[in-house]
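Thanks for making the time this morning.

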Amino acid sequence: MLWFQGNSMHLAKYSLQLLMRNLSASKTVLPVLTLFTKDPCPLCDEAKEILEPYKNRVILQEVDITLPGNSAWYERYKFDIPVFHLNGQFLMMHRVDISKLEKQLQKLEQQGAGC
C-alpha cells in the first residue's frame with residue numbers, strides 16, 4: 001500500500017532514512033509510529049505523554065499537517081488529530097488506544113522473532 005502522495009514524498013524519504021538508521025544501529029528493527037499533529041494540539045501532547053513508556057519499542061515520528069508539504073495530510077486529518085499510523089498503516093485517531101497499540105506491537109515483534 002502506497003500512502004505517500006504528491007508533496008509528501010519527503011516524508012517517505014525521511015521514514016526510509018529512519019528505518020535504515022535503525023537497521024544499521026541494531027539487528028532489531030523498531031516499528032515507526034507516525035503521529036499526525038499540529039500546533040497547538042493538547043490531545044497530541046497528552047498522547048505523547050502516554051506513549052513515553054513505548055520509546056524503546058517504537059520510533060515516534062511526528063508529522064505537522066500544517067506544513068506546506070503536508071497539505072494532503074491536512075485535508076485528510078484536519079478534524080481528526082491526533083492520528084497514528086504504524087509502519088505506514090492507519091492505527092488509531094483522537095486518543096491513544098493502548099490495547100490496540102500493544103496488540104499490533106506484539107504482532108510485529110512475533111513476526112520479527114520468526115525471521
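Arg-57 has a relative accessible area of 23%, so it counts as partly exposed, a class that lies between buried, under 20% relative accessible area, and exposed, over 50%, as calculated with a 1.4 Å probe on protein chains only. Please keep in mind that this is a predicted model, in which local features need pLDDT of at least 70 and side-chain atom pairs count only at pLDDT 80 or more, while totals for chains, interfaces and linings use all residues. Residues are numbered from 1 along each chain as its sequence is written, and side-chain values use heavy atoms, with hydrogens and water left out.

Which residue forms a salt bridge with Arg-57? The partner is Glu-109, and the closest N and O atoms of the two are 3.0 Å apart; by salt bridge I mean a side-chain nitrogen of Lys or Arg within 4 Å of a carboxyl oxygen of Asp or Glu. This pair links distant parts of the chain, since Arg-57 sits in the loop between H2 and E2 whereas Glu-109 belongs to helix H4, 52 residues apart. The helices (H or I, at least four residues) and strands (E, at least two) are DSSP runs, numbered from the N terminus. Glu-109 is partly exposed as well, because its relative accessible area is 39%.

Arg-57 also has Val-29 as a spatial reference point: the two are 28 residues apart in sequence and 9.3 Å apart in space, C-alpha to C-alpha. Val-29 is found in the loop between helix H1 (9–25) and strand E1 (32–37), and with 41% relative accessibility it counts as partly exposed.

The structure holds seven salt bridges. Another of these joins Glu-46 and Arg-95, with 3.0 Å between the closest N and O atoms. Because Glu-46 lies in helix H2 and Arg-95 in the loop between E4 and H4, this pair ties together parts that are 49 residues apart in sequence.

Lys-48 and Glu-62 likewise meet through their side chains in a salt bridge, at 3.3 Å from N to O. Here the parts linked are helix H2, which holds Lys-48, and strand E2 (residues 59–64), which holds Glu-62, 14 residues apart. Lys-48 has a relative accessible area of 26% and is therefore partly exposed, and Glu-62, at 43%, is partly exposed too.

If we set aside neighbours within four places in sequence, Leu-51 is in contact (heavy atoms within 4.5 Å) with Leu-33, Leu-60, Phe-84, Val-96 and Leu-101.

How many disulfides does a search of the whole structure find? It finds one, a disulfide being a pair of cysteine sulfur atoms within 2.5 Å. The bond joins Cys-41 to Cys-44, with 2.1 Å from S to S, and its link is right-handed, with 70° about the S-S bond. Both Cys-41 and Cys-44 are buried.
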